[in-house]
Amino acid sequence: MPSLQEAWEDAIAPWFNKVLPGAWQRKLPALVVVPTRGQLNDLKARLIAKGFSHLGLRFVTASSLRALLARDDTTPAGELEHLRLLLAIAASELEDCRNESEALAAKAVARAPAVLLRALDRLEIAGWKFQELGLPSFAPVVQRFNELLKKCGFVLRGKTDRRRLQQAARGRREFSHVLIIGFDGAHWTEWFLLRTAVELAENATIILEEPRENFSDVDLCWIGSWEEVCGEAQRAPRATAAVGDSLFSEIEMRGGAQMAKRFDFLIGTNFSEQAEAIARQCVRYLADEKCTRLGVIFPGSGALSRLVASSLARLEIAHNDGLGHIVPGIFESAEWQAWVELQRAPRLTSFLRFLNALPDPTVVSLKISRQVFENILHESYKEVLLDDLELLREFCAARGDDKSQSAAEALRALAFLPPRATFAQFLQQTHAALAHLGWKQQALELASVAHDWSQRLDAKFPRALFLRWLAETAVAADAARSAEGDHPYARVQLLTVAGAQNQEWSHLIFAGWNEGAWPPPVGAEFARAEEIHAFNRSVQQLNKRAARQGSQGEGHTSVRENHSLYLGPGEQRAIALRQFDVLLESASEGVTLAASLVQEDAPERFWNPSECFTELYLKTRGEPLTQTTLKNLQCATALLPKPPLVATDIQQTLIAFNARRDSSKPAGEYDFALRRNESYRPVPTLSVTDLRGMVSSPAIVWMKRYLGVEAPEDAANPWTATTGKWVHYWLANIIEPRNGKIFSAFPTLTRIDERIRFAADERCADLRRLCDLTGKVVPDWWKSGWLNARYLARHLGAKIGAAQGWNWLATELAVGRDGAVKIGDGVELELHGQIDLVLAQNDALSFAGQKIWIVDYKTGATRELKTSDLHDSLVKGTTLQLGLYTLAICELGAAEVSASIISLVAKNVAPQLSVIDLAPHTDVFANLAEMQRTGAFGMKGEIRPAFGYSAPYPLATLAIDNDILEDKWALTHPALVLEKEEWETW
């Protein structure tokens, strides 16, 4: 047929006129086979428009036809996920073979079996043997795969289709009439399936598209092969114009030209802008009286199609969302995905993700809450520094407190899959794990998947392969659409390129036509292009059925019996370009192509339009598509008239937006601060770490203390924090028990080193005992980190031991546990902290009249304290902690208080800072107390600085220009402003 309209008038409508009367009374059903649901809806819409009822007809796509025919199969084709598992198992068994090339090939297939399976399936359909490809490295894998197929009773889809065709040729008829329409050279994989439908029909009609200049050899062979099977095609007569008195139309005689379709080009910055522009273009097209059918064509489903459908729904435009959006089921829930990840990698992070994803955490433990469980595991991990749930479980079990025991008990009750097992064993363990969690529905769904073949697969294979099969098999998601998008016969259709073929359109919009969208990128092939071309030539033969010269001549080709063509990358690309050209021709009034400027997953990267977009622009506009042109198109797209939207109240949002950017006013209720005139004034107890954060990242501390939210702890490199914790703990053990006193006698240097080494060696011995219990070995990298911490502790201990004139000391002295901490005249802070080391010259029951030296250990490269620029170092937070401790001890009656930092690089092991130095800067601490009292913190610093590290915000927060933030900070906290610019201290 030369066109769809002629096909409808000359073949399709007469077929319906013939078959529909009495169709519901016939014993055998009548079948209409089309490639996609979009074409199916188009046929039904035409029947409804003509007043036809399709009662008694069955409309099917190729996939539903295969399911219909498979009901009576004794050996059905294996599901793709089952076949991928068998292929991966076959490959995993050969990963350790002696032949290096075969071992590498097996490893590649085990990690990604889909590529080889797709090739095997298409080779089977085409009748091409894998051995003929000349890939001996993969031959053992394919051979073992075939053995597993036979053992499990599976066959490839191509073999099933070919066998079904042979049975149909000698079997009884299943259909009274069959109409096949819309299939072409892109559907060689359905060749045997469609032929089976023809063999099972008493009467069959195949409608083929007439060859045109952009037809490839693959399309021509498709037509010739059907003629070889069914006889010479009957060509529909071309519609001829009525002969009149004039050879020209009235418009042409008046000097005008025939109106051609209009081409428009839209450019948006991203998918959101592009979707909005497409919705506006739809409104423009629908306002045109010539718009009878509008198609919005996408390369595939994704974010853009969802955004366009949402925009149309918001405008209350009825449409058919042929792509839909995914609605998650039980196997797409967060808890199921987290459970699979936990089984794949039983580590702390995956377990905590699973624990937090559970709607009811009591299925894991009834004795401790989720938060307590998480805290215990975090603390245990910081002690062990081995991310292994088995080790963490034993560590918790070794601790004496009830909460740790409950955590160990809960971890022990969880069922984990073994590292290697048979398929039946994996299924049994999975059902046990699901039963423990009370997931009955998931267990029932899985029980129906592999009940008939699981016992036949007796080979043992890795857990990772089973979990990949489980993730592929356990799918309960379904496609859904909004109420406005659930109109199959609407004027506006959202379809893919394949779904829009063989239909009539007045207007078309090609959405998302960027580089790589169309023609779509083809996957990897095991056969080279020249091998595919040679094979396709070898299976073609001259048509011997034409006893006389037909309409196509005697030289057209068809495939040999029991073969089909293999579509390689070259053929797929040619078909994709031809489908695009056919769609362009099918639009009678207008065509729009839309693209984005940047990629969604890489906003910093420019995204070029596709070659189809570029070539069509050059052809219609007569000029190349340059970067300047793209910018101009983007500006023009933004000027498209906006349709009226439902009014929404955004006034309060605008008030907050402007208030946060008003640099003339201090921080208010929209700037991480409590309202100044409200009576609600909670005073949270702060840690010393919080105080340092109040001058560097006040918004994060405010959200933590007032909203109870904080970002997850960064566990990417815990060694730094754990090293510091170990060193502080070992150094805290250098003294004798205090027995209720503040101070202990200063030990000798030798005794200090002995106690540090004993505490450090005990840490290593504890881990060795845990590893022995679980059958593991202490990693070398752990030993290296432990030795580094041990050296740091001994080095700092040696520096302390060399101090002269200090006879008494106290370690880990608590501050703020008995009430507010006084640090000056009328200045109090609700906080808690811990001083690493306090040295005194005399033993006493209090600090009254004492000369005190406060020491803070630093395991990093922190230098000693400097009295110069002391204000700025306090405001930056570097000296704030020691300054606070110094003033607090002074308020307790000490006669003289000094402070120091001791680290690897600190050379001055002596008092470095005194109360006298801090006296001029007490306003800094007064301002911090005011922040705690009023709850007005404000915001400071960039959210995501280009250089340097910044703590992540736990809630989505819009960035504010740093100059504005500095102005508001100065108005809110004048004492916490730097006296020198950053560059002045370099």
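Q: A crossing is left-handed if the near helix is turned anticlockwise from the far one by less than a right angle, and right-handed if clockwise. Which of the two is the crossing of helix 17 and helix 30?

A: In this predicted model, helix 17 and helix 30 cross in the right-handed sense. Helices here are DSSP runs of H or I with at least four residues, strands are runs of E with at least two, and both are numbered from the N terminus. The axes of helix 17 (residues 389–398) and helix 30 (residues 749–774) come within 10 Å and cross at roughly 115°. These axes are lines fitted to C-alpha atoms, for helices over the stretch in contact, and the angles run from 0 to 180 degrees between N-to-C directions.

Q: How do you know which residues make the contact of helix 17 with helix 30?

A: Contact means heavy atoms within 4.5 Å. On helix 17 the contact is made by E390, L391, E394 and F395, and on helix 30 by R763, L770, C771, L773 and T774. By class, that gives five nonpolar, one polar and three charged residues. Here Ala, Val, Leu, Ile, Met, Phe, Trp, Tyr, Cys and Pro count as nonpolar, Asp, Glu, Lys and Arg as charged, and the others, Gly among them, as polar.

Q: Why is S903 called buried?

A: Buried means under 20% relative accessible area, exposed over 50%, and partly exposed in between (1.4 Å probe, protein chains only). S903 has a relative accessible area of 0%, so it counts as buried. This residue lies in the loop between strand 24 (896–902) and strand 25 (913–914). Leaving aside neighbours within four places in sequence, S903 is in contact with L796, K799, K858, G860 and T862.

Q: What makes T269 partly exposed?

A: T269 has a relative accessibility of 24%, so it counts as partly exposed. You will find T269 in the loop between strand 5 (262–268) and helix 12 (271–286). Not counting residues up to four places away in sequence, T269 touches S596, L597, V598 and Q634. The C-alpha atoms of T269 and A638 are separated by 9.9 Å, with the two residues 369 apart along the chain.

Q: Why are strand 5 and strand 7 said to stand at the edges of their sheet?

A: Two strands pair if DSSP finds at least two bridges between them. The open sheet has six strands in the order 5-16-13-6-12-7, with parallel pairing. Strand 5 and strand 7 (319–321) each have a single partner strand, so one side of each has no neighbour in the sheet. The twist from one strand to the next averages 20°. Strand 5 pairs with strand 16 (residues 587–596) in the parallel sense over seven bridges, and G268 has S596 as its bridge partner in strand 16.

Q: What makes strand 23 largely enclosed?

A: In strand 23 (residues 851–857), six of the seven residues are buried, so the rest of the structure largely encloses it. Strand 22 (residues 831–840) pairs with strand 23 in the antiparallel sense over four bridges, where L839 stands opposite W853. Strand 23 and strand 24 run parallel and are joined by seven bridges, with V855 opposite S900.

Q: How do you know that the buried residues of helix 20 line one face?

A: The buried residues of helix 20 (residues 440–447) are Q442, A443 and L446. Seen down the helix axis, they fall within an arc of 100°, so they line one face of helix 20. That arc is taken over the directions from the helix axis to the C-beta atoms. On the other side of helix 20, K440 and L444 are exposed. The buried residues pack against helix 14 (334–344), helix 19 (423–437) and helix 21 (463–473).

Q: What makes strand 2 and strand 4 edge strands?

A: Their open sheet has four strands in the order 2-1-3-4, with parallel pairing. Strand 2 (57–60) and strand 4 (201–207) each pair on one side only. Helix 3 (residues 62–69) lies across strand 1, strand 2 and strand 3, at about 115° to strand 2.

Note on methods. Residues are numbered from 1 along each chain as its sequence is written. This is a predicted model: local features need pLDDT of at least 70, side-chain atom pairs count only at pLDDT 80 or more; totals for chains, interfaces and linings use all residues. Side-chain values use heavy atoms; hydrogens and water are left out.
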